[in-house]
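Welcome! Here is a short tour for anyone meeting this structure for the first time. Have a look around, and then read on.

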4 protein chains.
Amino acid sequence: MAMRLEAAGRPLQQVWREPVPEPGPGEVRIRVSTCGLCRTDLHIVEGQWREKSGVTLPYILGHENAGWVHAVGPAVSNVAVGDAVIVHPLITCGLCRACRAGDDMHCAAGRFPGIGVDGGFAELLKTNARAVVRLPEGVEPEHVAAHADAGLTAYHAVKKAVDILYPGTVAVVIGAGGLGHIGIQSLRSLTAAEIVVVDRSPEALELARECGAHHTVVADGTQVGRVKEITGGHGAEAILDFVGEGGALEDGIAMLRRAGSYFVIGYGGVIKVPAIDVISTEINFIGNLVGTYNDLAELMTLQRRGEVTLHTSRYPLDAVNDAMDDLEHGRLHGRGILVP
Amino acid sequence: MAMRLEAAGRPLQQVWREPVPEPGPGEVRIRVSTCGLCRTDLHIVEGQWREKSGVTLPYILGHENAGWVHAVGPAVSNVAVGDAVIVHPLITCGLCRACRAGDDMHCAAGRFPGIGVDGGFAELLKTNARAVVRLPEGVEPEHVAAHADAGLTAYHAVKKAVDILYPGTVAVVIGAGGLGHIGIQSLRSLTAAEIVVVDRSPEALELARECGAHHTVVADGTQVGRVKEITGGHGAEAILDFVGEGGALEDGIAMLRRAGSYFVIGYGGVIKVPAIDVISTEINFIGNLVGTYNDLAELMTLQRRGEVTLHTSRYPLDAVNDAMDDLEHGRLHGRGILVP
Amino acid sequence: MAMRLEAAGRPLQQVWREPVPEPGPGEVRIRVSTCGLCRTDLHIVEGQWREKSGVTLPYILGHENAGWVHAVGPAVSNVAVGDAVIVHPLITCGLCRACRAGDDMHCAAGRFPGIGVDGGFAELLKTNARAVVRLPEGVEPEHVAAHADAGLTAYHAVKKAVDILYPGTVAVVIGAGGLGHIGIQSLRSLTAAEIVVVDRSPEALELARECGAHHTVVADGTQVGRVKEITGGHGAEAILDFVGEGGALEDGIAMLRRAGSYFVIGYGGVIKVPAIDVISTEINFIGNLVGTYNDLAELMTLQRRGEVTLHTSRYPLDAVNDAMDDLEHGRLHGRGILVP
Amino acid sequence: MAMRLEAAGRPLQQVWREPVPEPGPGEVRIRVSTCGLCRTDLHIVEGQWREKSGVTLPYILGHENAGWVHAVGPAVSNVAVGDAVIVHPLITCGLCRACRAGDDMHCAAGRFPGIGVDGGFAELLKTNARAVVRLPEGVEPEHVAAHADAGLTAYHAVKKAVDILYPGTVAVVIGAGGLGHIGIQSLRSLTAAEIVVVDRSPEALELARECGAHHTVVADGTQVGRVKEITGGHGAEAILDFVGEGGALEDGIAMLRRAGSYFVIGYGGVIKVPAIDVISTEINFIGNLVGTYNDLAELMTLQRRGEVTLHTSRYPLDAVNDAMDDLEHGRLHGRGILVP
């Protein structure tokens, strides 16, 4: 069974015969335990990604997957049938400069199940051996699926910020949602920075405090001033913006300290900043795209040790259209997780 | 004698009694050999910097200085009267976190002669002992003054780019003028990257080739396409934009490769880029503000070894208004240098 | 009052008239709150450092100092009389390449109170303005003196190791004494590495567990095998050796993983390793010398936030000879602290 | 035809039927153009490596290979039959943490043709698709074979040193032989450091000057003093030791500046240094093991651009025993190259 997109703007439709062929030499078939639901899925249904992904309808969505190895191709040596795994979202070649430097997301030949080819809103999923991370003992697929994209993206951004977040610095997290709450926990685990979290929602800020935020700031129009106050008037060394729209970018830039770095993670808005402001304060804007395979393996270590925990809401896979509706209308708390 | 700004929009006026008091404990008085003329000087006369610098008129411009030590305060141990020196543009405290980390330009108490206090369009200049770099044997002040800001800024940006410019990568230099031609030479000296230079002026591109550019591209509307062609359709790993206005930013961003970095050096324009473009390609924007004292000392080493050479036009100091006129109207080739 | 070394091999002698002249332009006089006692002090009394330090007897020992500003020279702007401070052990020039790059310990003109000039086994101590770190609110001099050398050295080594200690890696700490117990706490604060502590003493290992060690290993001859076992046979990515003698070096090298790094902190022994072993596994040996001023400021932030705590034993200053005797004979638990 | 080792201490013997089976799914068969001869080959014949490599005799030596793709397995997509390639010496898995981080030499499942399995003293060689670097246009296999190990090792060490070799620093190269002369050229290409080369042989120093050395020093017993003199008494920021025996290590350590780094590349001797010397100057020892695939690709770029050139002596493959004899007795100039 799978939930398939037949036409833009239409609910996903249940199909029974999945086209999941036998794995090729280096490929792996996964029995999906759980698949995360992402705001990107809404955008795909709306038709926004069609041109970028070049996908042909109908196809199966779902790019945050964990499960068990169901079959392996003849050249696969790193996993065996039955292994519990989380699936890195990109199928990579292992041969290009980027793969060889560990920059998986910039693979010259990457394919993206759930975005460009059939994904994990299904019982079975095909990927390749390079994409699967064996789970450490004690970590269950159902507890980690949302790490495959949401958690990984947050962790990757935090890891890029570690070097500038020595003790005495401040990291501002904008948005304590599905990605942000993993970002906060990763900051606690990897740095000794002071963590300030900005969000419109008091519930989200409550979650932020549980995740380890030192300060929380309601985004009620006073947020820039509050962050300035907390930072002694200087602003923060790092802004991790998990929102990227609706005024977050303008606010975030105003919260940045001289020589600070702005980590762009959320999207939707436009960065608009005079070059003179960039040079006179020597600030940086750092793009962030998902994360590497090694990042994902490291995140599984943090999960095993209890240093990060996902907050999720579960739905049966055949209720995915309800879940998407809840997500769109702000009724979905934590990351939505679909169970086939 | 000095050339002083009496009122915004008016020519600089010659004055004979300079207010250069005896140096305090850690201060140094410099007999100016030569002082570079910078486009920023035009902007100051136009009144654009008044609010940012907070300066009170009248005052003496000039922030690219080299000369000889004329007098030292009682606590100065690193230079002696008569030493040939180049003057780092900022007077720094040596006590704040930034100074102690070598980030001179972010000194919490920095003062900027020629912008916020009296500068070097004069026979004598006051700065502090931390700002003076003793020149290596064989290097004359008159040959290096323009390195104090123009050269230093270009070198600093190149140094930040070195790590990503391994053999096989491409660096695009936008603008082969006063800063750009030092940038090209610094790239040749510090990296094995392929250097592509883009400029509107064929003369500037001729200079670029002499400075070591591997490819030159006339900015005649086809420049983005040409850079894409040279880079096999991928774009460049690093863009060093010494222009920052008049379409340079839009062009430069279009020339950037996935995971590449855009070094913002020139200014005037506005960076305007959708967050989705920043995250889907994972590109970075890196601000650049002049350079550190150690950068300036390193640049003097390159100068001594003949690895960088400044292209300059000399004017007597009392002809500074002519020089500024020439600069404004594109008649000044290389960096303008004023001789008191 | 001060405790002065009159002759090698003799107990320190109480003297009443301290030669602490008025501070020069950039100097600061400190009223000592507490001064740490270091094994190096024993070695100085034994005469081992005389040649290296070039000191002339008699002079006052003590290089781990905290207290309050008692007087400042005319050019001092960063502290005022009465400020609570910890004293970086080296008096640095602020002008050489090393100072400007933040590598305080490699200052070309550094002087070391307590080793090369009069130190802090006294009521008053002279240093310079660059050496004093103002304490954050809530941090008292008496609680931090031992950070000035012991804590700083441990923190500095940990900070150099951070980049290689991503989640999933193992750091082995050899020696959970005065430096090691701060090293363990710093590792917990700055990294997500698994921490294994090796020591001969069960009490030290008990302290290690309180400080956050994940595994403790008694150095009873089985320690190399135990570490190999804990690391799945591979060895650890980083060894932080706070002992450096008595077999620690041989053990530590045997515990190192391929491509791992050995941080040399303790001393006394000799590193002896065939070049073929270094190249065939591509391991590194990293020297560590005290720490930078910025390191010390960062450590004060960790202290303020309760992320590190010193374990100390207090003695009146005039009982320093008893304290030294206790240290020599293993009766001194935690770091010894002298109170004038 | 191949030259095979039948028994330790015996000349290699010509064999006619090579056991080069059809390539498996991800494998590649190479028609060898040229294979470099390495001092390690002598050590293998002498029996020194038998235990480390675990190889079973008889087998074919030769680990510096370039040629043309002769056949590819069904899963190979990055090269086609007829492509000119250089062969990275290790067959790597592409799946372990090290491979994914670009640290090819630390692959958890690496196999080493010519050391542990059949190598390139043959007409045909089997490796895998991950090991072959396609040569840039204009680069012929016969001109680059010795880069596969000798050049790669030198380049890798230089690349690790780049960050500390800013303008004004000094790099000492010990040994201007097969590796060293590539090291010198790589230093010229990637850094602006002052290069000092130390060797016993005046001919080698002549080659060093041609390769770009700024200073050459005959190792006649005065070499430590000469390097100290050239460096103003301080010593060098980096030592690249391509010898590693016969006094080179002792000399090199004595030539090192405070906070400097010693790159261990050559082997045979023992590093023996008191821990107190390592900590009191904060020096480092950095192991170096061959290099990464990306390093090798970068080196091919330098070769194409004429920035590095190999100095070689050619022998027919069936004269390999003569070549080995010449190498052993110092009659082989440049790197020996065998042509099947």
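Let's begin with a pair of residues in chain C: Tyr262(C) and Phe285(C) are both buried. Please keep in mind that this is a predicted model.

These two residues form a tilted aromatic pair, with 5.5 Å from centre to centre and 40° between the planes. Tyr262(C) belongs to strand 13 (residues 256-264) of chain C and Phe285(C) to strand 15 (residues 284-287) of chain C, so the pair ties together parts that are 23 residues apart in sequence.

Chain D has a pair to look at as well. The ring centres of Tyr262(D) and Phe285(D) lie 5.5 Å apart with their planes at 40°, so this pair is tilted. It links strand 13 (residues 256-264) of chain D, which holds Tyr262(D), with strand 15 (residues 284-287) of chain D, which holds Phe285(D). Both Tyr262(D) and Phe285(D) are buried. Over all chains, the structure holds four aromatic pairs.

Finally, visit helix 5 of chain C. Of its 12 residues, 10 are buried, so the helix is largely enclosed by the rest of the structure. Among the buried ones are Leu152(C), Tyr155(C), His156(C) and Val158(C). Which elements cover them? The cover includes helix 6 (180-190), strand 12 (236-241), strand 13, helix 11 (293-304) and strand 17 (335-339) of chain C.

Methods: Residues numbered from 1 in each chain as written. Chains lettered and ligands numbered in written order. Predicted model: local features only at pLDDT ≥ 70, side-chain atom pairs only at ≥ 80, totals over all residues. Heavy atoms only, no water. Phe/Tyr/Trp six-rings, centres within 6.5 Å; stacked < 30°, edge-to-face > 60°. Helix = DSSP H or I, 4+ residues; strand = E, 2+ residues; numbered from the N terminus. Buried < 20%, exposed > 50% of the residue type's maximum accessible area, 1.4 Å probe, protein only. Contact = heavy atoms within 4.5 Å.
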